[in-house]
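This briefing sets out how the parts of a structure are arranged. Please look over the sequence and the coordinates before reading on.

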Amino acid sequence: MISRFAYFKPHNINEAVQYLEKEEKSFVLAGGTDLMILLRRNIINAEHIVDIKGLPETSEFSFVDGAGLTIGASVVVNRIVDSEVVKAKYPALNQAAASLASFQLRNRATVVGNICNASPGADLPPALLVYDAVVNIAGPQGTRQVPLHEFFTGVKRTVLQRGEIVVSVHLPDPGEGDKSIYLRQARLRGHDLAAVGVASRVRPDGKVAIGISAVAPTPKRLFALEDMINERGLSQETVELAGQAIHEHIRPITDVRSSAQYRLLTSSVLLKRGLLALIGKEA
Amino acid sequence: MDNEKDCSMYTEHIDSGKRKVTLSMTVNGRPVVRDVDPNMTLLHFLRDNLKLFGTKEACGEGECGACTIILNGKAVTSCIVLAVEAEGAQITTVEGLSKNGKLSILQEEFVSQDALQCGFCTPGFLMSTRALLDHNPNPTDEEIVEVLSGNLCRCTGYIPILQAVKRTAERERKELGR
């Protein structure tokens, strides 16, 4: 049985923020696919649950040419899987979304929840990172925007302060001719957490972006590795070099899903496979 | 002014928070109004309060799909949804499939294909399938497998289940003009 708590469903962001600031043991509920497990296992002791699905801003799911895509905090992962605009403009995000958990969970799990849970092995952050996603936060001091690569501070830790909630995540319009891919390796084909997940993107000008999860305390953008490729220019040779150099940029651990050694090798393979696919030179 | 108004509302919520919340929803076409504890899951609400024992609990963490129901048109695992989240919702459980004591085509085909042995996972499979066919009356094998991948069966194996779903889709298109 889950311990007893008060349930509050605010109708506007100010109500939500003030309640969360006032009540110490309060937790935000959106899809609940992570929170309910923590409650059930008594990992967290919640006295207050704040259900943000009634906040109109969290339902936003819109794409504006030139401006980009905004995904509100109540938007579930299957919306991303089914979205034609995401398939066309942000293929790596579509693929990452389709790979996440099971169909039923994707009907509840939210995109923003996958960020806020801050699991090192989360599937969506690598794809969001390569699109320079920005997290829109509301809090007692007003609103602020944080680039996703600065949002994670450790295992299950983020920059969110008491009273703050993520209202939405925004991805700039990648424009025409942008390509991306998300590849993951897991123990089995169905419903399993990724041992490694790699998002690769090639911009219209040929510059690459790389996002990776499950190989460090947080999902990461590999900026230094991107610079190495971009300075030399993207080619089969630089992809090969990047595949050799990637181990200098990640710090995988051994756990139930994989050994550190396997993660190092798999990261290299998935990076090379992804970039080669994007430049039309299948490995 | 606004602050004052807001604070009074919080007090009201906090005071009443750990007490029961009045909940209304539609379950299998029937309106339901009950007082529930905020920490009750939708699964336990259906089983313990409404005595709808068709929906099963196994893992209790959204992994196995035994507790799958249809919530506002979507297949969800009811063990990780709070009952209070379903305020105003339209819910279908396995009890809502048969009409006037007659099994639905979907149930008939699970029987005809021997798509169950112990039957514990079956309500979940039926509800995932129902939600799929309501949106997509003619799914491909890949689409069926994807949608059912969150439902685990430990005795029958998945081939008879896949066969039952395909036959259901075929019969529903023919007999119900879907």
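The model is predicted. Chain A and chain B are in contact through 27 residues of chain A and 29 residues of chain B. Chain A is assigned three domains: domain 1 (6-54), domain 2 (57-171) and domain 3 (183-278).

**Contact between the chains**

- On the side of chain A that touches chain B, the elements giving two or more residues are β1 (6-8), α1 (13-22), α2 (35-40), β3 (48-51) and α6 (103-106) of chain A.
- The largest share of that side of chain A, five residues, is supplied by α1(A).
- By class, the side of chain A that touches chain B has 10 nonpolar, 11 polar and six charged residues.

**Domains 1 and 2 of chain A**

- The C-alpha centres of domain 1 and domain 2 of chain A are 18 Å apart.
- Their contact involves 13 residues of domain 1 of chain A and 19 residues of domain 2 of chain A.
- On the domain 1 side, α1(A) gives the largest share, five residues.
- The residues on the side of domain 1 that touches domain 2 of chain A are seven nonpolar, three polar and three charged.

**Helices α11 and α12 of chain A**

- Helix α11 (residues 236-245) and helix α12 (residues 260-278) of chain A have axes that come within 9 Å and cross at roughly 160 degrees.
- Because angles over 145 degrees count as roughly antiparallel, α11(A) is roughly antiparallel to α12(A).
- The crossing of α11(A) and α12(A) is right-handed.
- From α11(A), the contact uses Q236(A), V239(A), E240(A), A242(A) and G243(A), and from α12(A) it uses S268(A), L271(A), K272(A), L275(A) and L276(A).
- Five nonpolar, three polar and two charged residues make up the contact of α11(A) with α12(A).

**Four-stranded sheet of chain A**

- An open sheet of four strands in chain A has the order β11-β12-β13-β14, with antiparallel pairing.
- β11 (179-185) and β14 (220-221) of chain A are at the edges; each has a single partner strand, so one side of each is left without a neighbour in the sheet.
- β11(A) and strand β12 (residues 196-202) of chain A run antiparallel and are joined by seven bridges.
- Within this pair, I181(A) stands opposite S200(A) in β12(A).
- Helix α5 (residues 91-99) of chain A lies across β11 and β12 of chain A, at about 25 degrees to β11(A).
- α12(A) also packs on this sheet, where it touches β11, β12 and β13 (208-213) of chain A and makes about 25 degrees with the direction of β12(A).

**Five-stranded sheet of chain B**

- In chain B, five strands form an open sheet in the order β2-β1-β5-β3-β4, and the pairing is mixed.
- Its edge strands are β2 (30-36) and β4 (74-77) of chain B, each pairing on one side only.
- On average, neighbouring strands of this sheet are turned by 40 degrees against each other, direction ignored.
- Strand β1 (residues 21-27) and strand β5 (residues 90-92) of chain B run parallel and are joined by two bridges.
- T26(B) has Q90(B) as its bridge partner in β5(B).
- Helix α4 (residues 122-135) of chain B lies across β3 (68-71) and β4 of chain B, and runs at about 30 degrees to β3(B).

Key: Residues are numbered from 1 along each chain as its sequence is written. Chains are lettered from A and ligands numbered from 1 in the order in which they are written. This is a predicted model: local features need pLDDT of at least 70, side-chain atom pairs count only at pLDDT 80 or more; totals for chains, interfaces and linings use all residues. Two residues are in contact if their C-beta atoms, placed from the backbone, lie within 7 Å. Ala, Val, Leu, Ile, Met, Phe, Trp, Tyr, Cys and Pro count as nonpolar, Asp, Glu, Lys and Arg as charged, and the others, Gly among them, as polar. Axes are lines fitted to C-alpha atoms, for helices over the stretch in contact, and angles run from 0 to 180 degrees between N-to-C directions. Angles under 35 degrees count as roughly parallel, over 145 as roughly antiparallel, 65 to 115 as roughly perpendicular and the rest as oblique. A crossing is left-handed if the near helix is turned anticlockwise from the far one by less than a right angle, and right-handed if clockwise. Domain bounds come from an automatic or database domain assignment. Two strands pair if DSSP finds at least two bridges between them.
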